[in-house]
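Please look at the model below before reading this note. The points that follow are meant to be checked against it.

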Amino acid sequence: MSKLNIKNLIKSFPSMDRPAVNNVNLDIESGELVAFLGPSGCGKTTILKMITGLFQPDSGDIILDEQSLLKIPTEKRGVVMVFQNYLLFPYMNVNENVGFALKMKGVDKNIIDQKVKEMLELVKLPDIGLRKPKQLSGGQQQRVALARALISNPRILLLDEPLSNLDAHLRDEMRDLIVTIQQKLKVTTIFVTHDQEEAVLLADKIALIFDGELQNFTSPKNYYEKPKNIKAAKFFGGVNFINAKKDNHNLSTNIGTVHYKGENYTDLNEDNIITIRPENIKLSKNNDFNDNSFKGLIKSVIFSGTHTRYKIIVNDLELECSLQSVGLQDIKTDDTIYVHLPSDKIWAMNE
Amino acid sequence: MNNNLKKINIYAIYLGAIILILPLIAFFINAFSFRWFYPQVIPKELSLQAWVRLKLIPKPGQRSFEGFIELWASNPTVIKALLNSLSIGFLVTIVSIIIALPAARVLGLLNFRFKKLIIFIMVSPTILPPIAFVLGLNINFISWGFSGNYFGVCLVHLVPIMPYVVLTMTGIFANYNPDFEHQARTLGANKTRTFLLITLPAIAPGMVVAALFAFLVSWSQYLLTFLIGAGKVMTLPLLVFSTASSGNPALTAAISIIFIFPAILILFFTSKFVSGESGATSGFGKI
């Protein structure tokens, strides 16, 4: 149960022309499960390695429970990392691997044995204590690595791409296990991933990082409904972007004036961008809507099983709309259609 | 591979082994015989005279426990040379590994400018004939006071040894993942324990092979010991050469047995590291 504050963190490497981590600020509350999300090479693992102490930051500070970690050696930080490829010590069996952290603390052997047993039961692998890591499958190795990390009650648990080396079916199982254990032990956890779906499914909050810079740090829901910028919106599958200008509590665009209810109106610049999720756009053959309704032309209709996706041209602007199941009956390419952008579902953001 | 080829390979191995072992048998017979000359297939008379002359076995009549103690306590040249060879071998092995460990780690794990050039310079003693560099080195060693003493001999032995040790150990680190060390650190192991519990077990098999190379290269070193030691540091190879040139086959055979026996013993105990995969591919294996 520990809270972590990252302040103005900067780290450069001589081989890179931009800082690997550029002025990152993050406040992670106790017991939170946080995802560092971003494409590979964006600096997320570098931040992790600075929290563990493998790298020293150029400037900035990492504060755990009001105490700076920078001067504390790795082994005394109480920060445990599970690496992407598990790194079970090959010369030790599973029991010795899991008990390693307690052995380093000088805990009595009987207590270690007891705790190892408990941890292996927690990760649902009670009977493999005497095997060597080589004899385990990838999923089993991952769970042993998790048990090994958790045995000493770490203040912070770091997981580097915990699911990327697993098969699809194991991935779901492992994801559930991580959430279950995290909620049970309430350990503050940070995991790194490049998969936004994984981040959304697992995390309480997501830190989106591009090119070493933190884009946004908020709940998964907000990334879909209230993205901070166009990059963040695009990373989470946003497709509809409309240039807009402030216009007396409304937004004026080249498809017409849009009525806006978002709470961030006062924070918006004069020039901004409107976005709306494809599934929030409503369609009608007759103009059934009295608000934010625009006339358009169907460009394409694609049925994808659970949804039907429409591409609609409104005043030279292409909008994508997704309706459940088969969508509207009797609509085909080149038909005229009315597009409704519900004013509580549209979101404007600064460029 | 088809069966016939397999058979031929196995026969080739046997043939090689026989070619290596036959002269050793002749050695043994020679060392325990008296005047074994050409037409005789086996020696007419067995004798311990060579060993008596080397002062390793007392003369007939004095072969009691006290006799052996007294003879060996008189510090015969062979024992002096044997102890010198052993101690120089062990010392340079340890020193070479301590020097090579950080060098091999850097060469194996990192890429940097002029890396190939540095490797080439490090390997060059294996290509150059020793006489080419030892004469120049000798002049410096004399002026530094390293000539004609034990320390100088140890130092010059490092020249041909270092390439083997660094290259062997670089091989270990090419297959090594330093993240394991960091994993141990985050689990609460300090630097010393990380080295002892994580790094050392991973590099130990390769290190044994490197140590074996180091010891054997030092053990068989003649020219460098001869020139830098200036005859004052007696080692077994020097003794073997001088005995061989004296023309007594039994004596030469006896001293040669003393010369090869420790080497064979060490090879025997380390063979499991040299054979197969374990030697060349230590580290943490494929991950």
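The numbered points below concern chain B and its contact with chain A.

1. This is a predicted model, in which local features need pLDDT of at least 70, side-chain atom pairs count only at pLDDT 80 or more, and totals for chains, interfaces and linings use all residues. Residues are numbered from 1 along each chain as its sequence is written, while chains are lettered from A and ligands numbered from 1 in the order in which they are written.

2. Chain B contains 13 helices and 0 strands. Helices (H or I, at least four residues) and strands (E, at least two) are DSSP runs, numbered from the N terminus. The C-alpha atoms of chain B fill a box of roughly 70 × 65 × 40 Å along the principal axes.

3. Of the 287 residues of chain B, 32% count as buried. A residue is buried if 20 or more other C-beta atoms, placed from the backbone, lie within 10 Å of its own.

4. The contact between the chains takes 19 residues from chain A and 16 residues from chain B. Two residues are in contact if their C-beta atoms, placed from the backbone, lie within 7 Å. On the side of chain A that touches chain B, helix 2 of chain A gives the largest share, 4 residues.

Methods
Buried ≥ 20, exposed ≤ 12 C-beta atoms within 10 Å, placed from the backbone.
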